[in-house]
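Dear colleague,

I am handing over the structure below, followed by an account of what was found in it. Please read the notes with the model open beside them.

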Amino acid sequence: MKTRADLLDHIRREHAAWRALLAEVGEDRMEEPGPMGDWTFKDLAAHLLFWNERTIARIEAGPGGRIPFPWPASFGDEDEIEDWDEVNAWIYEQHRQLPLRDVLADKDRQYERFEQLIEALPDDALLTPGHFEWMGGRALVEAQFFGHLHEEHMPSIQAWLASR
């Protein structure tokens with residue numbers, strides 16, 4: 001079984017990997033289209049920021065806490081959404097005018113917020129399978145908070161970097 005220390009170590013390693021990725025991309029290229037079609041690296045960072053903020057809100061809400069959906073009600077509940085591209089386009093529109101420095105600073109602080117939350121949670125919230133309904137029966141210490149980046153976006157980022 002994983003422990004609080006394991007999860008904190010995972011968050012810290014992911015934070016270091018994120019900073020290494022930022023250095024590899026280079027600030028001068030972060031507003032060029034390419035890492036995700038027409039989206040820039042900054043757009044992708046804002047997209048990841050949005051989804052990780054949702055996870056943080058879920059943890060902060062506690063095991064039975066419901067958080068409002070951060071997208072228009074017309075999209076429906078998470079279980080009802082058929083077109084995630086529409087939701088992601090909405091997210092893009094909400095964040096595309098944000099300055100690069102703000103997006104990067106917020107993303108950096110987000111790792112620290114994850115750490116603070118995990119450090120503050122009682123053991124039962126971390127270790128009990130199913131404590132958080134949205135974890136699908138798993139314990140929070142088994143969470144892959146950054147799977148979205150690795151599974152859905154790293155291949156396109158790596159291809160973009162390789163093509164340059």
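The largest cavity is lined by Trp18, Leu48, Asn52, Lys107, Tyr111, Phe145, Phe146, His148 and Leu149; on a 1 Å grid over the protein atoms alone, a cavity is a set of points where a 1.4 Å probe fits but cannot get out, a pocket is an open set with protein on both sides within 12 Å along at least five of seven lines, and lining residues have an atom within 4 Å of a point. This is a predicted model, in which local features need pLDDT of at least 70 and side-chain atom pairs count only at pLDDT 80 or more, while totals for chains, interfaces and linings use all residues. Residues are numbered from 1 along each chain as its sequence is written, and side-chain values use heavy atoms, with hydrogens and water left out.

About 40 Å³ of space lies in the largest cavity, a volume being the space filled by probe spheres set on the points, which are joined across faces, edges and corners. H2, helix H4 (100-120) and H6 each supply at least two residues of this lining, helices being DSSP runs (H or I, at least four residues) numbered from the N terminus.

The largest pocket holds about 590 Å³ of space, and among its 19 lining residues Thr55, Arg58, Gln144, Phe145 and His148 lie nearest its centre. Elements giving two or more residues to that lining are H2, helix H3 (84-95) and H6, and the largest share, 6 residues, comes from H2.

With kind regards
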